[in-house]
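Hello,

Here is the structure I said I would pass on. My notes on it follow below.

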Amino acid sequence: MTRRLPALLLTMVACTAQAAPNFDGKSWWDTVKEISDDKYEGRDTGSKGEHQAQEYIIGKLKALGVEAAGTNGYFQSVKLRTVEIDEAHCQLALVQDGHAQTLKLGEEAYFSTRYPLAPKVDAALVFVGYGLNIPEKNYNDFAGLDLKNKVAVILTGSPADVPSALSAHYQSRAERWKALKAAGAIA
């Protein structure tokens, strides 16, 4: 799938910051509020709302004097890969002593497209809370746990006392998987 993307919002924010003599974040926040408005209908790929949001961003870039630098004006074609889970043909079961307990997908468990899925995993499960290691807060869900060749079962989110920026960083795909792998987890 190829998709045309407008110049990055970050570029526009940076240009806005340079254009304003005393950047206070207001213009950035105004832009975020605008393109997250319901009138853009979630900006789904190929939707009318996505096209309207693109035109809004391009208008802002032009107003700032930013020249087009894409392969097609302000647009740059980017190949995207789509991964979907065929839930009707998937199942998940916990097996103990030869007895299988099937889990209801979407209610009791879910598969994520963020990570490659193995067709079968035969390993012990270990509950690891949020599955986070945040050195800046002396927070480590893996301390004292043996995760070597095991599947980590995690809660989404983070502790309430972790600042949102740190929380977002350590919950990112790359950081969370790095921490899980370092602790020895296989999934």
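The protein chain exposes about 13200 Å², of which carbon and sulfur atoms supply 52%. Please keep in mind that this is a predicted model. The chain has 187 residues, and buried ones make up 26% of them.

As for the fold, the protein chain contains 5 helices and 8 strands. Their order along the sequence is β-α-α-α-β-β-β-β-β-β-β-α-α.

Two or more lining residues come from each of β3, β8 (151–153) and α5 (173–182). Strand β3 gives the most to this lining, with 5 residues.

Strand β3 also takes part in a hairpin. Covering residues 92–96, β3 pairs with β4 (residues 99–103) in the antiparallel sense, over 5 bridges. The hairpin leaves 2 residues between the strands, and Asp97 in the turn has a positive phi of about 50°. If you look at side chains here, remember that in a regular strand they alternate between the two faces of the sheet.

On aromatic rings, a search of the whole structure gives 1 pair. The partners are Trp28 and Trp29, with ring centres 5.6 Å apart and planes at 40°; the pair is therefore tilted, since stacked would need an angle under 30 degrees and edge-to-face one over 60. Trp28 counts as partly exposed because its relative accessibility is 37%. Trp29 is also partly exposed, at 43%.

Last, a serine in a helix. Ser167 is found in α4, which spans residues 164–171. Is Ser167 buried or exposed? Its relative accessibility is 6%, so Ser167 counts as buried, the cut-off for buried being under 20%. Apart from neighbours within four places in sequence, Ser167 is in contact with Ser158 and Val162.

Regards

Technical notes. Residues numbered from 1 in each chain as written. Predicted model: local features only at pLDDT ≥ 70, side-chain atom pairs only at ≥ 80, totals over all residues. Heavy atoms only, no water. Helix = DSSP H or I, 4+ residues; strand = E, 2+ residues; numbered from the N terminus. Buried < 20%, exposed > 50% of the residue type's maximum accessible area, 1.4 Å probe, protein only. Contact = heavy atoms within 4.5 Å. Phe/Tyr/Trp six-rings, centres within 6.5 Å; stacked < 30°, edge-to-face > 60°. Pairing = 2+ DSSP bridges. Areas by Shrake-Rupley, 256 points an atom, 1.4 Å probe, with all protein chains shown as cover.
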